[in-house]
Amino acid sequence: MVETLVTPLANRHSFWRQTVCRAGKPTICPYVKFLMAMKMICYGVSGNAFVDYFQMGETMMRRCVSFLTKGIVSCRPLANKYLRRLTKSDARNIVSMHEQVHKIPGMMSSLDVTKAHWKRCPTAWKGQFQGREKYASIGLEAIIDNNLWGGFGMLHTVSQAH
């Protein structure tokens, strides 16, 4: 699974290739960079949560996330596979797969929601997007299947989330 993502990224950018630095030491393995970025994205935490495990500086952690997200968007084969719209046929296949795996008929995928502070929310919209915290925020929803395919993002107001 990881190779199918890292290989096209490595073909497009040297950041995803294993090289040797000026001191003659190997650079960070591309798979480690990929896993670091995925952990930060999936768990929604700062790289500091994984410093001991990955032995990587915070700047490099941020670069991993940046290069991964930009790489998937700019790499046409990956974007066509992971960022395309779901078809009716895809939906039927995913529901069927989830029914076999989880024994729950009609299950589309796993759902995750996170709330994000919207720093640059237009003043005219602040009342609509303001919650109990007295600042504008939006909810980001994502669904994904077992193969990490079909992640979809949606925005909603705080009032719609409750």
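## The nonpolar core

A nonpolar core here is a set of buried Ala, Val, Leu, Ile, Met, Phe, Trp, Tyr and Cys residues joined through side-chain atoms within 4.5 Å. In this predicted model, the largest such core has 21 residues, and the members that touch the most others are W16, F34, M36, M56, L68 and L78. Four helices each put in at least two residues: helix 1 (2-12), helix 2 (30-43), helix 4 and helix 5 (76-82). Helix 2 gives the most, with five residues.

L68 makes a handy way into this part of the model. Leaving aside residues up to four places away in sequence, L68 touches L9, W16, F34, A37, M38 and I41.

## Overall layout

Zooming out, the protein has eight helices and three strands. Going along the sequence, they come in the order α-α-α-α-α-α-β-α-β-β-α. Of the 162 residues, 28% are buried. If you take contacts with a separation of 6 or more, 47% of them join residues 24 or more positions apart.

## Aromatic rings

How many aromatic pairs are there? The count comes to seven. In one of them, the ring centres of F15 and W16 sit 5.1 Å apart with the planes at 90°, so this pair is edge-to-face. Both partners are buried: F15 has a relative accessibility of 6%, and W16 has a relative accessible area of 2%. Another edge-to-face pair is F50 with F54, at 6.2 Å centre to centre and 85° between the planes. F50 and F54 are both buried as well.

F15 and W16 also belong to a cluster, where ring pairs link them with F67. There's a charge to note at F15 too: K33 lies over the face of that ring, 4.0 Å from the ring centre.

The structure holds one salt bridge. Its partners are R62 and E58, whose side chains meet at 3.2 Å, N to O. As a general point, side chains of opposite charge can pair when their charged atoms come close. Why are R62 and E58 separated by about one helical turn? Because they are four residues apart in helix 4 (residues 58-74).

As for disulfides, the count is zero. Among the cysteines, C29 is partly exposed at 27% relative accessibility, whereas C121 is buried with a relative accessible area of 5%.

## Positive phi angles

Two residues stand out in the backbone angles. Q55 has a positive phi of about 50° although it is not a glycine. You'll find Q55 in the loop between helix 3 (51-54) and helix 4. Is Q55 buried or exposed? Q55 is exposed, at 64% relative accessibility, which clears the 50% cut-off.

K103 is the other one: its phi is near 60°, again a positive value in a residue other than glycine. K103 sits in the loop between helix 6 (88-102) and strand 1 (110-117). K103 is exposed, with a relative accessible area of 64%.

Last stop is S137, which is found in strand 2 (residues 137-144). S137 counts as buried because its relative accessible area is 0%, and buried means under 20%. Along the chain, S137 and K126 are 11 residues apart, and their C-alpha atoms are separated by 8.8 Å.

Technical notes: Residues numbered from 1 in each chain as written. Predicted model: local features only at pLDDT ≥ 70, side-chain atom pairs only at ≥ 80, totals over all residues. Heavy atoms only, no water. Disulfide = S-S within 2.5 Å. Buried < 20%, exposed > 50% of the residue type's maximum accessible area, 1.4 Å probe, protein only. Salt bridge = Lys/Arg side-chain N within 4 Å of Asp/Glu carboxyl O. Contact = heavy atoms within 4.5 Å. Phe/Tyr/Trp six-rings, centres within 6.5 Å; stacked < 30°, edge-to-face > 60°. Lys NZ or Arg CZ within 6 Å of the ring centre and 35° of its normal.
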